[in-house]
Amino acid sequence: MSVMAESPSSPDHRSADKILRIGIVGLGQASGLVLNWERQDIRTLPIRFTAAADLRQEALAQFAKEYDAEVYSDVEALCRSPNVDAVYISSPHELHREHTIIAARNGKHVLCEKPLSLSAAEVDEMIAACDQHGVHLIAAHSHAMDAPIRAMREVIASGRLGPVRHINAINYNFFNAQPWPTRELQMWHGDLYNQGPHQMDIIRYLGGGMVKSVRAQTWWDHLRNVEGGYSAFIEFENGAVSTAVFDWRGYFDSTCYTWNASEGGWAQDPGSSGYVRDNMKRLLAEKSADAAEAELWKLKNDLRYGGVSDNEAFQRWGYAPVTPGFKPFDEPVQPFFGLIIVACDRGIIRQSLEGLYIHGDHGVEEVPVTGHSGRAAEFMQVYDAVFNDKPSFHDGRWGKGTVELCQAIEQSAAERRTIELKHQVPVGDEPA
Ligand SMILES: NC(=O)c1ccc[n+]([C@@H]2O[C@H](COP(=O)([O-])OP(=O)(O)OC[C@H]3O[C@@H](n4cnc5c(N)ncnc54)[C@H](O)[C@@H]3O)[C@@H](O)[C@H]2O)c1
């Protein structure tokens, strides 16, 4: 592996041409999505991927070739590179804390994948390290940053429909039936700490951020033997409430409520969920626990950056449409993280395929929304914080609020009582 000069860059080191130079920590599946599927958006940004660190030599070799970039098998060495301004941390959840602290002490700004960490207390350590070394910590990947959700927030912040009264968030998917190794699902408590942060982030963002309390219940996935879903009643300080349901066992796929549009805006056959779940059932029935786990790691590896091509890996697991007559979209539409309906004092906002429907006193209006996935917006939040002194609200403290809410869901379910939240922060754009 080529390792460049090891002089630390100073905290305010910024490239003169105003290009944000990003080092990737963890070239796995999430990085594969950013570098492959979402790169159309990201390619247009004033950022460059100048380095990467991973333990998998084949991924590093491909990255070095594709990006003519530095590669490291040690995160500290990457963070010492003078050719990196900020790191995008997409290592496994349990390493986010450690990798953020390494980046901060080497003067690198941090864009860290969700969940920021596995407990609010760990996020405190990350915030403290970034504060101490004067670098920004931005919480990434959040579907709250998707263009239609941001557009919903703009309508709310404009005040034209009055205050938010209720947010209905519904998501049924087949996450647990996807080829995730059991060890990972156990660490994530099913999908609670993996995709739960997306739904909680959306709800917090649309409700203004300041959650007061939550009462929740969770249920079990008997196929994967981990948590299978939750239902939560969330109350905000401002009086708004939200009901959220998220079931990731694969019995049913709520894309049927969103014109088949998926989390990424691609057409997803709702019939695939049963098919994918059957694949998982077969795998777990036919193999010993150890052999099944080995097979799941192999399948996951296929989907990582440097694995087999996305399409090939997806088809091998059976994500391909199975319903006769199912038609893929020619182009992606707006991303849907399940169904989100916001009831305000004088109207209702929900997503359309290409924007929003606003149901008001004078009928329904469709407002087109440009831009799709929030990934590009997240990278630009780091850019704006570094080059334009415009820090994002979606920072470490915000990310801690989302982790706190996921923890509170779990605690409420375990103790069968309402949990009061203590670390919430506002979005900061409420109308006067
Ligand atoms: N998988 C997805 O589709 C997806 C999508 C969005 C966000 N995420 C988030 O991205 C993060 C990573 O998830 P993933 O699914 O890509 O995991 P992954 O296991 O596929 O990728 C993690 C990568 O980190 C590397 N790694 C592990 N330990 C390391 C170390 N000590 N130093 C350097 N590299 C190390 C691994 O080799 C692997 O390539 C998680 O926080 C997850 O929530 C995942």
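Which polar side-chain atom lies 2.7 Å from an oxygen atom of the ligand? The atom in question belongs to the side chain of arginine 304, and the pair is a polar contact, a term used here for N or O atoms within 3.5 Å of each other, where, within protein, one atom must be able to donate a hydrogen and the other to accept it, and residues adjacent in sequence count only if both atoms are side-chain atoms.

## Basis of the description

The model is predicted, so that local features need pLDDT of at least 70 and side-chain atom pairs count only at pLDDT 80 or more, whereas totals for chains, interfaces and linings use all residues. Residues are numbered from 1 along each chain as its sequence is written, and side-chain values use heavy atoms, with hydrogens and water left out.

## The ligand and its surroundings

The ligand is surrounded by 26 residues, of which Ala30, Asp54, His96, Lys114 and Arg304 are the closest; a residue belongs to this shell if one of its heavy atoms lies within 4 Å of the ligand. A polar backbone atom of alanine 30 is 2.7 Å from an oxygen atom of the ligand, and an N or O atom in the side chain of histidine 96 is 3.0 Å from a ligand oxygen. On its own the ligand has 820 Å² of accessible area, and the protein covers 89% of it; such areas come from the Shrake-Rupley method with a 1.4 Å probe, and for residues only the protein chains shown count as cover.

By residue class, the shell divides into nine nonpolar, 10 polar and seven charged residues, where Ala, Val, Leu, Ile, Met, Phe, Trp, Tyr, Cys and Pro count as nonpolar, Asp, Glu, Lys and Arg as charged, and the others, Gly among them, as polar. Helix H1 (29-37) and helix H5 each supply at least two residues of the shell, and the largest share, three residues, comes from H1. Helices (H or I, at least four residues) and strands (E, at least two) are DSSP runs, numbered from the N terminus.

Glutamate 98 is placed in helix H5, residues 96-105, and is partly exposed, with a relative accessible area of 40%; buried means under 20% relative accessible area, exposed over 50%, and partly exposed in between (1.4 Å probe, protein chains only). Methionine 126, in helix H6 (residues 120-133), counts as buried because its relative accessibility is 0%. Not counting residues up to four places away in sequence, methionine 126 touches His96, Arg97, Thr100, Cys112, Leu116, Ser117 and Leu137, contact meaning heavy atoms within 4.5 Å.

Most residues other than glycine have a negative phi, and most peptide bonds are trans. The peptide bond from lysine 114 to proline 115, however, is cis, with omega near -15 degrees, and proline 115 is found in the loop between strand E5 (109-112) and H6.

## Nonpolar cores

A nonpolar core is a set of buried Ala, Val, Leu, Ile, Met, Phe, Trp, Tyr and Cys residues joined through side-chain atoms within 4.5 Å. The largest one has 52 residues, and those with the most contacts inside it are Met200, Leu206, Val214, Ile234, Ile340, Val342 and Ile349. Helix H7 (residues 147-158) gives the largest share of this core, six residues. A second, separate core has 28 residues, including Ile24, Phe49, Ala140 and Val386.

## Two buried serines

Serine 254 lies in the loop between strand E10 (241-247) and helix H10 (272-286), and at 2% relative accessibility it counts as buried. Its side chain reaches the backbone nitrogen of tyrosine 172 at 2.8 Å, and, leaving aside neighbours within four places in sequence, serine 254 is in contact with Ile170, Asn171, Tyr172 and Gly338.

Serine 352, in strand E12 (residues 347-352), counts as buried at 0% relative accessibility. The side chain of serine 352 reaches the backbone nitrogen of leucine 356 at 3.4 Å, and its contacts, not counting residues up to four places away in sequence, are with Trp259, Gln334, Phe336, Tyr357 and Glu366.

## Positive phi in two loops

Histidine 189, in the loop between helix H8 (182-188) and helix H9 (196-207), has a phi near 55 degrees, a positive value in a residue other than glycine. Histidine 189 is partly exposed, with a relative accessible area of 25%. Asparagine 260, found in the loop between E10 and H10, has a positive phi of about 70 degrees although it is not a glycine, and at 22% relative accessibility asparagine 260 counts as partly exposed.
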